[in-house]
Amino acid sequence: MKNRIDLRFEECAAQGRKALITFVTAGDPDLDTTEALVLSMEQNGADIIELGVPFSDPIAEGPVIQRASQRALANHTRLEEVFALVKRLRQKTEIPLCLMMYVNTLYVHDIANFFAQCRQAGVDGVILPDVPLEEHAPFDEAARKEGVHPIYLVAPTSHERIRSIAQNASGFLYCVSSLGVTGKRSEYATDFDSFFGEIKQACTVPYAIGFGISGPEQVRQMGRYANGVIVGSAVVELVEQYGKDSSKPVGEFVAKLAQAARETQ
Amino acid sequence: MEQGRFGEYGGQFVPETVMAAVSELQAAYEQYKNDPAFLQELDTLYRDYANRPSLLYYAEKMSKDLGGAKIYLKREDLNHTGAHKINNVLGQCLLAKRMGKHRIIAETGAGQHGVATATVCALMGMDCVVYMGKEDTQRQSLNVYRMELLGAKVVAVDSGTATLKDAINEAFRDWVTNIDTTFYCIGSVMGPHPYPTMVRDFQKVIGREIRRQLMEKEGRLPDCIVACVGGGSNAMGAFYDFIPDTTVRLVGAEAAGRGVDTPYHAATMAKGSKGIFHGMHSLFLQNQDGQIDPVYSISAGLDYPGVGPEHAWLHDTGRAEYVDITDEEAVNAFEYLSRTEGIIPAIESSHAVAAAIKIAPTMDKDQIMVINLSGRGDKDVYSIAKYRGVKIREE
């Protein structure tokens with residue numbers, strides 16, 4: 001069976017639009033809300049959804065996702081429950097799902113068993129923000145055996161590393177827009193023409209841009225550089241504001257993002 | 001052994017944004033670690049600024065009182081800034097200067113590494129930002145003021161448990177954001193490669209001096225070296241030179257807080273398990289889901305839920321042994337050394353003294369033990385008084 005991420009990027013390319021990737025932390029404020037949020041985001045035009053597995057010490061996150069992680073942990077959200085959530089979702093939707101998780105929450109489980117569980121539940125990709133290329137091999141091998149994409153990241157500081165990372169990438173390449181942690185930004189110092197020039201040359205899979213994309217305007221602005229855009233903190237902020245009632249406002253927000261992604265060439 | 005690995009431990013588990021800086025540091029360290037001009041400058045700073053070599057003092061009263069081994073104290077507490085931390089900071093800041101980085105960030109628990117970093121930044125004319133858990137800024141307010149006096153900016157971190165691990169999280173976040181200009185001066189033998197190796201190399205002067213000084217005084221190697229272990233830099237510094245000398249017993253003392261069978265301790269070797277956190281594969285105190293546990297010790301400098309990867313390796317191979325020392329035992333040792341030798345040890349180092357008090361009587365009189373007295377205890381006087389229920393100042 002072909003990976004859902006590949007199918008979705010092919011579909012977007014055929015329709016000449018950008019893929020919209022959105023993020024929520026699983027279990028924030030509870031897993032039932034996360035389930036409703038995923039379905040609402042899909043109905044409103046999200047193409048791929050990243051589910052954040054909460055971690056006690058998320059070093060790559062800004063305050064918004066840190067707080068979401070804390071709320072989810074306060075509810076004792078555990079990895080096995082995230083897998084159960086994915087299984088429930090798979091009875092209702094075929095939207096591509098990625099887990100975004102710090103490596104320790106994976107490592108304490110048997111790596112091979114973890115990726116087998118990903119396949120059984122219906123997870124399509126796994127993003128490990130604290131595992132660079134040099135440490136990726138054991139995870140890649142186990143992931144690919146189960147048909148799960150290990151998703152790589154490149155950053156504006158990657159330069160000569162871009163080529164080797166891009167050669168290993170599968171599913172899509174996650175392009176970090178700028179220095180710093182996750183969260184909204186008002187401006188970017190990155191030279192996108194040069195950054196994406198290097199990526200385009202080296203990358204054989206689709207690539208998506210994330211970190212700091214907070215609304216439709218930035219989707220239009222940044223989307224033109226990539227095959228997809230990733231919106232995280234701005235969605236999580238709405239979840240923080242509306243809690244259990246967040247699926248409607250998040251849906252409305254995602255609809256605006258999706259329209260911007262459709263209109264971006 | 002593969003570079004940056006100690007057995008299976010170590011590695012470089014950091015976000016991609018940081019990898020370029022880690023590689024740059026790795027290359028710079030490889031370039032300068034054997035560079036005669038660099039080493040000479042560092043040596044001069046050690047001698048003329050940091051007061052090295054530190055004394056090796058025969059604690060005669062203590063030795064006789066305990067009735068076992070002949071005990072020597074390696075007086076790292078007599079270094080400038082009052083602890084072993086300055087050895088590492090001088091090395092890293094000198095390297096930062098060579099690399100053209102003028103903004104230094106650091107984390108600190110007790111404040112010793114923060115004070116050392118602020119001191120060296122003042123000396124070298126560099127900007128300094130120190131991240132410190134909010135709880136620790138309250139426990140160690142004197143050190144906060146000391147750092148500010150030295151021109152550093154102290155950021156009180158109130159995310160998570162507001163202690164050392166959260167200060168490290170926040171320092172990593174700063175580093176990711178300001179990677180082009182900023183050098184992260186990590187205070188212990190932890191973090192991504194090359195830090196555990198580099199910090200150990202800057203601290204190994206301790207063990208080398210012990211060897212030389214003891215050869216002069218006794219004409220032989222010690223039988224046992226005892227040091228406290230949080231992240232483990234003073235212990236690695238004291239142990240490293242003796243790893244091939246298998247007759248030398250290496251003992252690390254970790255913080256058992258209120259006891260390893262309570263939730264209030266920081267005893268990673270006793271209760272930790274394998275994990276990947278703060279850039280390294282090592283041992284951590286964590287739950288079955290891989291969430292890092294909140295830890296506790298009376299000592300802010302040992303209050304860390306992990307341990308350096310080389311210690312994890314020394315532990316697994318059995319080359320070093322690790323013992324647990326409770327708050328009560330450490331405070332007793334703090335008072336004991338003060339009264340017996342007229343030396344007030346840091347509460348961190350008091351854990352090593354407490355371990356020595358247990359081990360020395362089991363050794364023969366012709367055997368030699370060295371305690372690495374990693375820091376001085378002036379900073380701890382208030383909290384020890386509080387622990388004993390003595391009121392010495394108005395809050």
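P194(B) is found in the loop between β8 (182–184) and α9 (195–203) of chain B. Helices (H or I, at least four residues) and strands (E, at least two) are DSSP runs, numbered from the N terminus. The bond joining H193(B) to P194(B) is a cis peptide, with omega about 15 degrees.

This is a predicted model, in which local features need pLDDT of at least 70. Residues are numbered from 1 along each chain as its sequence is written.

A cis peptide bond also runs from R52(B) to P53(B), with omega near -5 degrees. P53(B) sits in the loop between α2 (36–48) and β3 (56–58) of chain B.

F211(A) lies in the loop between β7 (207–210) and α10 (216–223) of chain A. T81(B) is in the loop between β4 (70–75) and α4 (85–98) of chain B. Buried means under 20% relative accessible area, exposed over 50%, partly exposed in between (1.4 Å probe, protein chains only).

| Residue | Phi | Relative accessible area |
|---|---|---|
| F211(A) | near 90 degrees | 9%, buried |
| T81(B) | near 75 degrees | 15%, buried |

Chain B as a whole has 16 helices and 14 strands. Its radius of gyration is 19 Å, close to the 21 Å that the globule rule gives for 395 residues, so chain B is as compact as a globular protein of that length. The radius is taken over C-alpha atoms, and the rule is 2.2 Å times the number of residues to the power 0.38. The C-alpha atoms fill a box of roughly 55 × 50 × 45 Å along the principal axes. Buried residues make up 65% of the 395 in chain B.

Technical notes
Chains lettered and ligands numbered in written order. Predicted model: local features only at pLDDT ≥ 70, side-chain atom pairs only at ≥ 80, totals over all residues. Heavy atoms only, no water.
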